[in-house]
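The following account is intended to be read beside the sequence and the coordinates.

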2 protein chains.
Amino acid sequence: MNGAESLVKTLVRGGVDVCFANPGTSEMHFVSALDRIPGIRCVLGLFEGVVTGAADGYYRMAEKPAATLLHLGPGLGNGLANLHNARRANSSIVNIVGEHATYHIQYDAPLTSDIESIARPMSAWVHTSREARLVGADAADAIAVARSPKGQIATLILPADTAWNEGGVVGTVAPTPGPRPVPSEVVQEVVEALKQGDSMILIGNRALRADALPIAAAIGAATGVKVASLSRNPRIERGAGRVSVDRIPNPVENSRPMLAALKTLILVDEVSPVSFFAQPGKIGKLTADTCRVLTLAASGDDVVAALTEVAEAFAARADQVKPDVLARPDMPTGELTLTKVAQALGALIPENAIICDESITSGRGLFPATAGAPPHDWLQLTGGSIGMGIPLSTGAAVACPERQVINLQADGSGMYTFQALWTQAREKLNVVTVIWANRSYKILHGELINVGAGAAGPTARTMLDLDNPTIDWVSLARGMGVEGARATIMEEFTAAMISALARPGPFLIEVVL
Amino acid sequence: MNGAESLVKTLVRGGVDVCFANPGTSEMHFVSALDRIPGIRCVLGLFEGVVTGAADGYYRMAEKPAATLLHLGPGLGNGLANLHNARRANSSIVNIVGEHATYHIQYDAPLTSDIESIARPMSAWVHTSREARLVGADAADAIAVARSPKGQIATLILPADTAWNEGGVVGTVAPTPGPRPVPSEVVQEVVEALKQGDSMILIGNRALRADALPIAAAIGAATGVKVASLSRNPRIERGAGRVSVDRIPNPVENSRPMLAALKTLILVDEVSPVSFFAQPGKIGKLTADTCRVLTLAASGDDVVAALTEVAEAFAARADQVKPDVLARPDMPTGELTLTKVAQALGALIPENAIICDESITSGRGLFPATAGAPPHDWLQLTGGSIGMGIPLSTGAAVACPERQVINLQADGSGMYTFQALWTQAREKLNVVTVIWANRSYKILHGELINVGAGAAGPTARTMLDLDNPTIDWVSLARGMGVEGARATIMEEFTAAMISALARPGPFLIEVVL
């Protein structure tokens with residue numbers, strides 16, 4: 001058994017059965033081992049940003065890590081932006097990055113670079129295998145790091161000779177630990193704080209699932225404390241029959257007065273809110289210095305148990321919280337507007353859908369219009385690194401082939417990684433991509449004014465507008481083997497969406513704004 | 001004057017008058033300063049790999065650095081692969097990477113990451129500005145590093161507050177030094193070695209320009225020593241009226257016996273040849289341990305002067321070297337083959353064209369068929385990081401608007417960064433992109449066998465073949481605002497190429513192999 005074979009067998013033993021891949025020469029023995037040893041589904045991405053974004057989407061839905069297969073430093077570099085988002089989503093990923101043979105690195109061959117330096121900023125763990133006999137154990141370590149209670153990114157760098165040399169030993173993967181219990185004194189402190197008033201409970205990540213949300217809402221009802229979430233969560237379970245909490249809309253800076261007035265902020269799988277970007281003359285921390293920040297549960301802690309204990313202290317009953325009711329908007333017609341498209345989505349989202357949301361400026365009206373749709377999952381942009389949506393929806397669809405995925409995609413960010421459409425076509429994934437074609441980096445026009453730099457002049461417009469030439473998304477999709485349609489009035493959008501949802505495989509709708 | 005304004009004025013003063021850009025919020029004051037202060041042409045790329053690859057192509061042709069404008073760690077990450085190629089091309093680039101305001105970094109806002117760690121592997125110099133008043137001086141340092149005798153990549157990280165705060169001071173840019181003279185004892189040592197036999201002169205980079213090549217060839221003729229070059233050079237001046245030298249074809253490993261027999265290897269702006277990748281049981285160094293390696297001139301040294309001195313020692317006369325004569329192949333017809341397309345290119349390449357070559361496996365017959373075309377420049381893939389061609393040709397066309405650019409592009413690598421087509425359309429660049437549509441990572445099928453891993457089975461094929469679905473390059477180009485045509489027989493290719501060369505602006509030809 002060579003090192004590559006021990007790697008594949010360790011991955012299989014560790015429950016890693018999907019590999020999003022873009023291989024190169026140095027990974028050929030790993031490819032060969034994947035070819036010969038059953039147990040791992042290999043999904044090709046035509047660019048590494050597709051690979052890493054898909055691994056993020058896969059984890060968010062499957063709740064277990066996929067492997068990625070990346071080629072040397074540049075391949076990892078190409079995947080870095082979506083690893084950044086995955087890291088901010090607490091997604092668990094096992095990156096396998098090929099490297100030159102250990103004895104070849106000294107020659108500084110053309111593709112040599114410092115892979116560890118590139119990997120470190122986005123990885124909780126980076127390790128280069130030294131010998132074939134250690135690859136299995138190294139992979140087991142990587143899986144254990146990735147599967148920690150808080151999902152993490154582990155990057156294993158695999159020199160080619162450690163893959164091809166004999167002597168591989170299948171690694172023993174440590175059992176996946178459950179979430180960490182929250183000490184009762186922490187719970188007690190939170191309970192006491194909630195009795196004081198001027199508080200907010202800010203919930204994120206795991207606390208936005210269907211089992212946790214009613215408990216949080218019950219605590220809010222029993223204590224009169226506001227319960228809210230930010231707008232950059234890995235996954236929210238919502239829709240009819242689910243419980244929703246207030247959302248602090250993006251940009252979070254707009255909620256500055258409300259946040260600054262708090263005496264206590266209680267965090268549940270969330271961090272203290274700060275402004276996304278600094279602005280001249282405004283401080284980045286959105287709570288007052290006098291605000292006491294208590295963490296009930298950090299990422300990886302047992303969120304449901306901690307919330308339950310707090311609820312019990314107030315005799316708050318989750319089963320008495322009223323869930324959102326099924327309430328679909330009427331189907332709008334005529335002129336196409338963002339509000340109407342949001343309503344149409346609310347009217348059409350099928351039960352159990354997965355919504356990936358990289359709408360950026362176009363998405364601000366989506367939440368209210370879809371709150372009464374049948375139960376669905378909503379996946380947000382966690383790290384602010386654009387180019388997430390098409391890969392994320394691809395990975396989510398690989399994780400949940402029986403569910404409909406809808407990706408709401410701004411056009412500027414969609415351009416980054418739309419090679420993922422090809423993977424959707426190849427794997428026949430049920431993804432409908434809705435492109436918000438506003439033909440500009442619209443958010444930046446606003447930010448230029450926000451930071452006090454004024455409105456865009458001619459040179460700035462050359463860097464912020466995408467209208468010369470106009471991007472033809474339907475042609476782009478066709479080029480990738482995905483059918484599409486363009487919608488300029490509501491009837492076109494509705495017809496395209498109904499048709500897209502009824503058919504198997506991917507579809508793209510360009511919404512001309 | 002704020003820091004951003006001092007940055008723009010320093011760039012202009014330092015002769016940096018093109019900025020390839022993909023901005024974000026943290027760069028808005030830099031964008032605003034570019035908007036208000038004339039002197040820098042801003043060219044938008046819809047993905048950062050476009051931006052950095054274009055800066056590489058621009059430098060190779062303009063021989064002066066462009067700036068790039070990149071957004072935080074993820075934006076830099078997206079540009080890393082083509083920075084890798086630029087580094088291997090000794091291209092000079094001044095990266096400006098936006099960063100959070102200095103006081104905002106502590107809050108670990110969603111887009112925070114360790115930018116310096118990402119930048120270092122591909123940069124000769126990395127620096128984060130600390131204050132507005134230092135930005136101008138920092139930028140001057142960056143330009144000086146970039147404009148060193150050996151072109152280098154300098155990465156200046158610009159926290160938002162150093163851009164917007166007042167107190168900016170325009171930096172004083174050190175004069176650009178000329179190439180370093182080569183000591184006469186080094187010349188003498190090379191002259192003595194050349195008298196011994198069993199030698200080779202391996203020339204690269206600056207030695208492949210029209211002023212150096214005849215001198216190198218004259219030395220070869222006078223001494224009987226073989227003069228050759230590798231196949232990963234930033235820029236070769238070639239064609240009718242120019243002098244060519246033997247080319248060690250890719251993969252260089254195939255020349256192992258010839259290289260291993262050398263007693264002396266003389267390097268002129270080149271490094272000792274090693275195999276691109278290690279293979280089981282084969283050593284990576286391609287010269288024998290007993291081979292003496294002498295460097296006549298390293299990158300940044302005065303290559304022409306050093307060659308001239310050596311030539312004089314042998315009374316070798318460059319003006320007596322016979323240049324390649326104008327000899328265009330006949331125009332082939334009928335069935336389309338790689339050989340025939342190469343001949344058609346040899347028949348059609350216009351005078352003074354710039355050829356960007358990311359043909360990978362499809363390009364092996366191109367050099368002989370085009371040697372007798374009118375004089376032109378040939379730009380190769382220097383670092384092996386795929387996704388270079390479309391951005392590189394974009395930057396070359398920005399540098400040389402009066403010249404025809406032809407980009408010969410493998411399909412697998414073209415998929416990485418084909419957003420650059422949009423920039424070509426927007427800037428109305430004279431670039432003809434020829435896509436070699438073999439619909440596979442064909443080189444990897446070969447490498448799988450080379451490394452002893454055998455032929456691809458079903459799972460490996462899912463990672464190496466791009467034929468399901470077939471990529472429709474003409475639709476992709478149309479989506480980006482670039483007209484295109486598909487060629488399945490030679491007459492179609494020839495007609496499309498003649499038409500494309502006759503018109504202004506970009507065009508794409510998909511060659512179905």
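This is a predicted model: local features need pLDDT of at least 70, side-chain atom pairs count only at pLDDT 80 or more; totals for chains, interfaces and linings use all residues.

The contact draws on B:Lys340, B:Val341, B:Ala344 and B:Leu348 from H12(B), and on B:Met490, B:Phe493, B:Thr494, B:Met497, B:Ile498 and B:Leu501 from H20(B). By class, these residues comprise 8 nonpolar, 1 polar and 1 charged. The two helices span residues 338-348 and residues 490-502 of chain B, and they pack at an angle of about 30° with their axes 11 Å apart. Angles under 35 degrees count as roughly parallel, and H12(B) and H20(B) are therefore described as roughly parallel to each other.

Helix H3 (residues 48-62) and helix H14 (residues 389-399) of chain B have axes that come within 6 Å and cross at roughly 45°. H3(B) and H14(B) are therefore oblique to each other, and their crossing is right-handed. On the side of H3(B), the contact involves B:Gly49, B:Val50, B:Gly53, B:Ala54, B:Ala55, B:Asp56, B:Gly57, B:Tyr58, B:Arg60, B:Met61 and B:Ala62. These meet B:Pro391, B:Leu392, B:Ser393, B:Thr394, B:Gly395, B:Ala396, B:Val398 and B:Ala399 of H14(B). The contact of H3(B) with H14(B) divides into 11 nonpolar, 6 polar and 2 charged residues.

Helix H14 may also be examined in chain A, with attention to burial. A residue is counted as buried if 20 or more other C-beta atoms lie within 10 Å of its own. In chain A, 11 of the 11 residues of helix H14 (residues 389-399) are buried, so this helix is largely enclosed by the rest of the structure. Among the buried residues of H14(A) are A:Gly389, A:Ile390, A:Pro391 and A:Leu392, as well as A:Val398 and A:Ala399.

The discussion now turns to the relation between the two chains. Chain B can be laid on chain A by a turn of 180° and a shift of 0.0 Å along the axis, with an RMSD of 0.0 Å. The two copies are thus related as by a two-fold rotation axis. At the interface, 84 residues of chain B are in contact with 84 residues of chain A. The element that gives the most to the side of chain B touching chain A is helix H4 (residues 72-88) of chain B, with 8 residues. The residues of that side of chain B divide into 43 nonpolar, 29 polar and 12 charged. Since 100% of the interface residues of chain B are also interface residues in chain A, the copies meet through the same surface.

A single residue illustrates contacts both within a chain and across to the other copy. A:His29 is placed in helix H2 (residues 28-36) of chain A. With 26 other C-beta atoms within 10 Å, A:His29 is buried. Leaving aside neighbours within four places in sequence, A:His29 is in contact with A:Asn2, A:Ala4, A:Ala160, A:Ala163 and A:Trp164, and also with B:Val451 and B:Ala453 of the other chain. The C-alpha atoms of A:His29 and A:Asn165 are separated by 9.7 Å, although the two residues are 136 residues apart along the chain.

With 12 other C-beta atoms within 10 Å, B:Gln196 is exposed. Beyond neighbours within four places in sequence, B:Gln196 is in contact with B:Lys263 and B:Thr264. The C-alpha atoms of B:Gln196 and B:Thr264 are 8.6 Å from each other, and the two residues are 68 residues apart along the chain.

In chain A, a cis peptide bond with omega of about 0° joins A:Asn468 and A:Pro469, and A:Pro469 is in the loop between helix H18 (458-464) and helix H19 (473-479). In chain B, a cis peptide bond likewise joins B:Asn468 and B:Pro469. B:Ala315, which is not a glycine, has a positive phi of about 50°. It lies in the loop between helix H11 (303-313) and H12 of chain B, and B:Ala315 is exposed, with 8 other C-beta atoms within 10 Å.

How values were computed: Residues are numbered from 1 along each chain as its sequence is written. Chains are lettered from A and ligands numbered from 1 in the order in which they are written. Helices (H or I, at least four residues) and strands (E, at least two) are DSSP runs, numbered from the N terminus. Two residues are in contact if their C-beta atoms, placed from the backbone, lie within 7 Å. Ala, Val, Leu, Ile, Met, Phe, Trp, Tyr, Cys and Pro count as nonpolar, Asp, Glu, Lys and Arg as charged, and the others, Gly among them, as polar. Copies are superposed by least squares on the C-alpha atoms of residues with pLDDT of at least 70 in both. Axes are lines fitted to C-alpha atoms, for helices over the stretch in contact, and angles run from 0 to 180 degrees between N-to-C directions. Angles under 35 degrees count as roughly parallel, over 145 as roughly antiparallel, 65 to 115 as roughly perpendicular and the rest as oblique. A crossing is left-handed if the near helix is turned anticlockwise from the far one by less than a right angle, and right-handed if clockwise.
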